[in-house]
Amino acid sequence: MTIAEVSRKYGLSIDTLRYYERVGAIPPVPRNKSGNREYGEEQCRFIELVRCMRAAGIPVETLAEYVALCGQGEATAPKRKQLLLRQRELLSARIEEMQLTLQRLETKIALYD
């Protein structure tokens, strides 16, 4: 797939896709003879992961660390798992905070009924 096709498919700008590649949040994208990026299944899986994780507030730097570890092979599996477990802890704490905020908002709304 071309960068334009990937951009449309995932709802990310071309600049964002280039940025993610430049900072290592997705692995390097192979290029054709003309130098144009050719996204394959593996790159698309990483893009899906990045979209999901970014929507959850996970920093790009953390994603780049994860991708770098993936590139180092199976020996880094324990480190990758620890990284993901830590992000799960942080995300769970954020969800809990948001639940409390939602409850407070619901209480305020109920005052108008």
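The questions and answers below concern a predicted model.

User: Which residues of helix 1 are buried, and how are they arranged around the axis?
Analyst: Helix 1 covers residues 3-10. Viewed down the helix axis, its buried residues lie within an arc of 105 degrees, so they line one face. The residues on that face are Ile 3, Val 6, Ser 7 and Tyr 10.

User: What covers the buried residues of helix 1?
Analyst: The buried residues are Ile 3, Val 6, Ser 7 and Tyr 10. Contact here means heavy atoms within 4.5 Å. The cover includes helix 2 (14-23) and helix 3.

User: Which residue follows helix 1, and what is its phi?
Analyst: Helix 1 ends at residue 10. Gly 11 comes after the helix. Its phi is positive, near 70 degrees.

User: Is Gln 43 buried or exposed?
Analyst: Gln 43 is found in helix 3, residues 41-55. Its relative accessibility is 8%. The cut-off for buried is under 20%. Gln 43 therefore counts as buried.

User: Which backbone nitrogen does the side chain of Gln 43 reach, and at what distance?
Analyst: Gln 43 lies in helix 3, which spans residues 41-55. Leaving aside neighbours within four places in sequence, Gln 43 is in contact with Pro 28, Val 29, Pro 30 and Glu 38. Its side chain also reaches a backbone nitrogen, that of Gly 40, at 2.8 Å.

User: How many disulfides does a search of the whole structure find?
Analyst: The sulfur of Cys 44 is 16 Å from the closest cysteine sulfur, in Cys 52, too far for a bond. Cys 52 is in no disulfide either, as the nearest cysteine sulfur, that of Cys 70, is 15 Å away. A disulfide needs sulfur atoms within 2.5 Å. The search finds zero.

User: Which is buried and which is partly exposed, Cys 44 or Cys 52?
Analyst: Cys 44 has a relative accessible area of 6%, so Cys 44 is buried. For Cys 52 the figure is 46%. That makes Cys 52 partly exposed.

User: What separates Arg 18 from Asp 15 along helix 2?
Analyst: Arg 18 forms a salt bridge with Asp 15, with the closest N and O atoms 3.8 Å apart. Arg 18 is partly exposed at 35% relative accessibility, and Asp 15 is exposed at 57%. The two are three residues apart in helix 2, so the separation is about one helical turn.

User: How many residues apart in sequence are the parts tied together by Arg 37 and Glu 21?
Analyst: Arg 37 and Glu 21 form a salt bridge, their closest N and O atoms being 2.6 Å apart. Both residues are buried. Arg 37 lies in the loop between helix 2 and helix 3, and Glu 21 in helix 2, so the pair ties together parts separated in sequence by 16 residues.

User: What is the N to O distance in the salt bridge of Glu 89 and Arg 86?
Analyst: Both residues belong to helix 5, residues 77-110, and being three residues apart they are separated by about one helical turn. Arg 86 is partly exposed, at 44%. Their side chains meet at 3.2 Å.

User: How many salt bridges does a search of the whole structure find?
Analyst: Side chains of opposite charge can pair when their charged atoms come close. Among the salt bridges is that of Arg 37 with Glu 21. The search finds four.

Note on methods
Residues numbered from 1 in each chain as written. Predicted model: local features only at pLDDT ≥ 70, side-chain atom pairs only at ≥ 80, totals over all residues. Heavy atoms only, no water. Helix = DSSP H or I, 4+ residues; strand = E, 2+ residues; numbered from the N terminus. Buried < 20%, exposed > 50% of the residue type's maximum accessible area, 1.4 Å probe, protein only. Polar contact = N/O pair within 3.5 Å; in protein donor to acceptor, adjacent residues only side chain to side chain. Arc of directions from axis to C-beta.
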